[in-house]
Each structure stands twice: as C-alpha cells, then as structure tokens.
Amino acid sequence: MIQTNETTSSFLYSNGLIQNLHSSVDQKLDELRCLIRKAEGDPLRIVGVGAGAWGSVFTAMLQDSYGHLRDKVLIRIWRRPGRSVDRATAEHLFEVINSREDVLRRLIRRCAYLKYVEARLGDRTLYADEILKDGFCLNMIDTPLCPLKVVTNLQEAVWDADIVINGLPSTETTEVFEEISRYWKERITVPVIISLAKGVEAELEPIPRVITPTQMINRATGVPIENILYLGGPNIASEIYNKEYANARICGAEKWRKPLAKFLRQPHFIVWDNGDLVTHEVMGGLKNVYAIGAGMVAALTKESATSKSVYFAHCTSEMIFITHLLAEEPEKLAGPLLADTYVTLLKGRNAWYGQELAKGNLSLDLGDSIKGKGMIQGVSAVKAFFELLSQSSLGVLHLDENKAVAPVELCPILRMLYSILIKREFSSQAILEVLRDETMNDPRDRIEIAQTHVFYRPSLLGHQT
C-alpha cells in the first residue's frame, strides 16, 4: 500500500498497476443500502445460492470486503445438505490445511481442526456444507477461502434476501428458483438477483430461441428482468480469490448495474458495466462449447501447438458466425468473447473435461457433474446450440451449394461435438477428423459469409423483429 486516508487508498500490484479507491468500503455499502432503501439498523441481506467454485469465491470476496460491517450487511451462502466428502478428498484437504499456517491457526482457534484429523484417519465423515463453513469449497479444495455463514435450508436462506447471487449451473437454475418463488409470494419488496451462470438452453416452440439463466429466473420467480443482472468475464475462480488481477462485466438495467459495479469493484477485480444482458450471457455459454473440443485436441495431439492453433482458427470462426446470428452488432462482442474463450482454453474446467475424456480418464457415463470440478456447463450448451441452429426456419445461404441450409451445417466442430458428447456416435478421436477434412473450407470463408450477409435473427434471443 502506498498511501491511505479516510476516503482514498492506492494499491501497487506486481503488474505495476496503481489502483485508486476513491470511496471507502463503508461509503460503497451505504450507497447501495440507500438505493435499496434499507432503514437504519436493518442489515442488507446478501445470499449466494449454489456453492460451486465461482459461487463460493464470489460470496467469499464479499465477506472479505464487507463482512466486518455486521450491523450493515449480512452475507451467507446456501448449499444442499448431505453431500459427503470421500476419504481421498479428506486426506488431500488435511494436507492443504497443514501446508498453510494461517489456515491451520484459524482452525485451531475455532476448535475445528480435530475433525479434519479424524477425517484424515477415516474415523469421521465430513460434509460439504460443514467444510464450507470453515472456508473449503468441495470443488476447489486447494484454495482455502474465508469462513462463511452456510445455510442448508433454502427458505431460511432466501425469504428475506435483498440481493441473491445465482451460483447454480444453468441446468439447475429453473428448478431451484421455482422453489424460491414459493417463499417470495408474500414479499413486498423486489429482490435484486445477480446471475453468475454460464450456460444456455434451447426452446424450439413456438419460435426457436435461446433461454438464458436470467430468463429462467424471470420466468420462475416473476422478478422483473430489470432486477436481474448477469456478471461474467475471463476469470478462474481460484486465481481471483488469490488476488490475481481480473476484470468482469455486470450487465443489465442501468439502475442496478452501475451501483453494483461500484459495490463489487475491488483493487484486483475491476467490474465494468454494460446494458446488453442476454447477449453477453449467451456468449458466456458459447465459449464453453468449444473449450471441450480444445481440450480433446490438446490431449490427442500431445499438446501440439500447431494442432491447437488449427482448432482455434476453426472454432473462433464458428463462434464469429454464430454471434452474427445472435447479435445486431457482433463486432462489439469480439474482444470479450475471445478473452473469455482464451482463459477457458488455458485453465477452465470445460477444457479439462475434454482432455480427460480424450485421455480415457473420464467416461461420458459419469455424466456432466464431476467430483472435484462441479458441473461441466459445456455439455448442455453443446446440446442447446446444436438443437437451436439445426432449425430449418433459420436457413442461411450455403455458398458452395447455393441453397439455404440450417446454420449448424456451417459449423462442423459443433456438429461433431454433438455427435461425440450427446449422441455418442463417435469417440473423442473424431474431433481430429473434422480438422483434417480436406473438403473443409478455410475458416476465413465462414467469417466472410457472416460479415457479408444479413444473418441477424433477433428472435433467437427473444427480441422482437
């Protein structure tokens, strides 16, 4: 720290950046409390729903920043009870605890260390909600968090929440928020919901369209879409908690996105704001599709830089093609989408999943919820995008054949991923056959088609034509 006074602090980071904080933590919290119209003595209630890696880290960051202001804010997280920690994970967790003096001292001070010794010896079973209270996320054991207030009863967690953080996979969002809506029937005030979920579903009738987590929440709860926001960006949860410099965008209505961006912003975590909610949300799901294929290619070619670059050229051309269908001004998405794709290919769970499938360490029979990693969102996204882009009503001109075809016909990687992951017609090896297909067009041609033809379909995102 370079300088500190009551209202301004400056921080110098290893990357040379100097970050000025022009408002204190108290001021940011007071401003948000005022906007939500919280009375003196009535704490702002923030609840994380879902305790995967990103959901847990996001809640822990808020706890680290604001948790000491107990008279002004209460922060808690909900996760389902009953998930046991297996012996191997308990042994690894014990090693992590003993490798971190600060964590070890904290557990001893809280009289919580003995249970980890007993679990290491096999004399006790630990549970995911139990260890989360001590700051250990089951999907991210190697990165201890701060202790969290954990609630396993969903009604208790959300009934009076002012701000809800959706950390659920998209595949579970509708079910959980339909249950939440039952607890909100008597509410007078409308909560604010920030969704972290990166996943999509396809709705084919009456008109083909993408359904995103924010739309699922809106349908399930009746909370106005103006009160539902999406936060995403090129980030790895563990690195953000370890204060690696990162940025994100919070997207939604201006009334909430600007003050929330300010509230969430930290010296190492810069939050921008944007009004285009659904498009950014869809892009967050799209990159997960191609990350799985990238992992397969990396494993099958023994990390060949040349092969990975060939795959990257083709997958980015398909993503650009798809964004021209989904967005009126797709060029504005190019930077954020590529950045998010890049970090996911480097270190994301979807790329890891593709690698493990190709190596034979995982089987599709295990499903898309993997121990120690959580939900692999790319699998359901492959299904959603394939089904959506297979609709003949969305026909686009195929230049070689000079006729209208479903958009998926111009996306060979997406088609192959669907055949491998969903239909299970081929092994992971087949992804290489797509790249080596001598009849495959130059990826530049696909981009040129997208840029020179009017492809935009507003109805795909539920917009009026």
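Modeller: Keep in mind throughout that the model is predicted.

Biologist: Are lysine 38 and aspartate 162 buried or exposed?
Modeller: The two residues form a salt bridge, with the closest N and O atoms 3.0 Å apart. The pair links distant parts of the chain, 124 residues apart: lysine 38 is in the loop between α1 (25-36) and β4 (44-49), and aspartate 162 in the loop between α7 (154-158) and β9 (163-166). For aspartate 162 the relative accessibility is 9%, and the cut-off is under 20%. Both lysine 38 and aspartate 162 are buried.

Biologist: Which backbone nitrogen does the side chain of aspartate 162 reach?
Modeller: Leaving aside neighbours within four places in sequence, aspartate 162 is in contact with Ile36, Lys38, Pro43, Leu44, Arg45, Pro191 and Val192. With the side chain of lysine 38, the side chain of aspartate 162 makes a polar contact at 3.0 Å. At 2.8 Å, the side chain of aspartate 162 reaches the backbone nitrogen of arginine 45.

Biologist: Which residues are linked with Lys38 and Asp162 in a network of salt bridges?
Modeller: A search of the whole structure finds 27 salt bridges. One of them joins lysine 38 to aspartate 162. The network that holds Lys38 and Asp162 also links Asp42, Arg45, Arg76 and Asp160.

Biologist: By about how many helical turns are arginine 105 and glutamate 101 separated?
Modeller: Arginine 105 forms a salt bridge with glutamate 101, the closest N and O atoms being 2.9 Å apart. Arginine 105 is exposed, and glutamate 101 is exposed too. An α-helix has 3.6 residues a turn, so residues three or four places apart point the same way. Because they are 4 residues apart in helix α4 (residues 101-109), arginine 105 and glutamate 101 are separated by about one helical turn.

Biologist: Are glutamate 425 and lysine 423 buried or partly exposed?
Modeller: Their side chains meet in a salt bridge, at 3.1 Å from N to O. The relative accessible area of glutamate 425 is 42%, and lysine 423 has a relative accessibility of 48%.

Biologist: Which backbone oxygen lies 2.9 Å from a polar atom of the side chain of arginine 257?
Modeller: Arginine 257 is found in helix α11 (residues 254-264) and is buried, with a relative accessible area of 13%. Residues up to four places away in sequence not counted, arginine 257 touches Leu229, Ile250, Gly252, Asp273, Asn274 and Gly275. The backbone oxygen at 2.9 Å is that of glycine 252.

Biologist: Which element gives the most to the largest nonpolar core?
Modeller: The core has 61 residues, of which Tyr290, Tyr311, Tyr353, Phe385, Leu421 and Ile431 touch the most other members. Elements that give two or more residues are α12 (277-300), α13 (305-326), α15 (349-359), α16 (377-389), α17 (412-421) and α18 (430-435). With 11 residues, the one that gives the most is α12.

Biologist: How many residues make up the other core, the one with Trp54 among them?
Modeller: Phenylalanine 385 touches Val200, Val282, Gly285, Leu286, Val289, Ile322, Leu326 and Leu414, not counting residues up to four places away in sequence. Apart from the core of 61 residues lies another, with Trp54, Leu196, Leu264 and Phe269 among its residues. Its residue count is 45.

Terms used: Residues numbered from 1 in each chain as written. Predicted model: local features only at pLDDT ≥ 70, side-chain atom pairs only at ≥ 80, totals over all residues. Heavy atoms only, no water. Salt bridge = Lys/Arg side-chain N within 4 Å of Asp/Glu carboxyl O. Buried < 20%, exposed > 50% of the residue type's maximum accessible area, 1.4 Å probe, protein only. Core = buried A, V, L, I, M, F, W, Y, C linked by side-chain atoms within 4.5 Å. Contact = heavy atoms within 4.5 Å. Polar contact = N/O pair within 3.5 Å; in protein donor to acceptor, adjacent residues only side chain to side chain.
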